[in-house]
Amino acid sequence: MDVGQKVRVCRIRDRVAQDIIQKLGQVGQITGFKMTDGSGVGVVVTFDDRSSTWFFEDEIEVVG
């Protein structure tokens, strides 16, 4: 996965706020990366409404 790629949120594995749950199925653009717990990397995704949050790599999928 690279910055600039379009991705879809396909699952959310942890309990999160309702506004994040509403991103399930939405498409956004990768705008960066974030260290999670020292052993993993999160992907920062920005959506059309200008909101952004990070997801684990297995929570998103690249779209065509």
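Glu61 is partly exposed, with 34% relative accessible area. In this predicted model, the side chain of Glu61 forms a salt bridge with Arg8, at 3.3 Å from N to O. Arg8 is also partly exposed, at 31% relative accessibility. Glu61 belongs to strand 5 and Arg8 to strand 1, so the pair ties together parts that are 53 residues apart in sequence.

The structure holds four salt bridges. One of them joins Arg11 to Asp58, with the closest N and O atoms 3.0 Å apart. Arg11 sits in the loop between strand 1 and helix 1 (18-21), and Asp58 in the loop between strand 4 and strand 5, so this pair ties together parts that are 47 residues apart in sequence. Arg11 is partly exposed at 38%. Asp58 is partly exposed at 37%. A network of salt bridges links Arg11, Arg13 and Asp58.

Asp49 and Lys23 form a further salt bridge, again with the closest N and O atoms 3.0 Å apart. Asp49 lies in the loop between strand 3 and strand 4, and Lys23 in the loop between helix 1 and strand 2 (27-35). The two residues are 26 apart and link distant parts of the chain. Asp49 is exposed, with a relative accessible area of 51%. Lys23, in contrast, is buried at 9%.

The strands form an open sheet of five, in the order 4-3-2-1-5, with antiparallel pairing. Strand 4 (52-56) and strand 5 (60-62) are the edge strands, each pairing on one side only. From one strand to the next, the twist averages 50°. Strand 3 (residues 41-47) and strand 4 run antiparallel and are joined by five bridges. Thr46 has Ser52 of strand 4 as its bridge partner.

The largest nonpolar core has nine residues: Val7, Val9, Ile20, Ile30, Val43, Val45, Phe47, Phe55 and Ile60. Strand 3 gives the largest share, three residues. In soluble globular proteins, nonpolar side chains tend to be buried together.

Ile60 lies in strand 5. Ile60 has a relative accessible area of 5%, and is therefore buried. Beyond its neighbours within four places in sequence, Ile60 contacts Met1, Val7, Arg8, Val9, Cys10, Val43, Val45 and Phe55. The C-alpha atoms of Ile60 and Leu24 are separated by 9.3 Å, although these residues are 36 apart along the chain.

Conventions:
Residues are numbered from 1 along each chain as its sequence is written. This is a predicted model: local features need pLDDT of at least 70, side-chain atom pairs count only at pLDDT 80 or more; totals for chains, interfaces and linings use all residues. Side-chain values use heavy atoms; hydrogens and water are left out. Two strands pair if DSSP finds at least two bridges between them. Helices (H or I, at least four residues) and strands (E, at least two) are DSSP runs, numbered from the N terminus. Axes are lines fitted to C-alpha atoms, for helices over the stretch in contact, and angles run from 0 to 180 degrees between N-to-C directions. A nonpolar core is a set of buried Ala, Val, Leu, Ile, Met, Phe, Trp, Tyr and Cys residues joined through side-chain atoms within 4.5 Å. Buried means under 20% relative accessible area, exposed over 50%, partly exposed in between (1.4 Å probe, protein chains only). Contact means heavy atoms within 4.5 Å.
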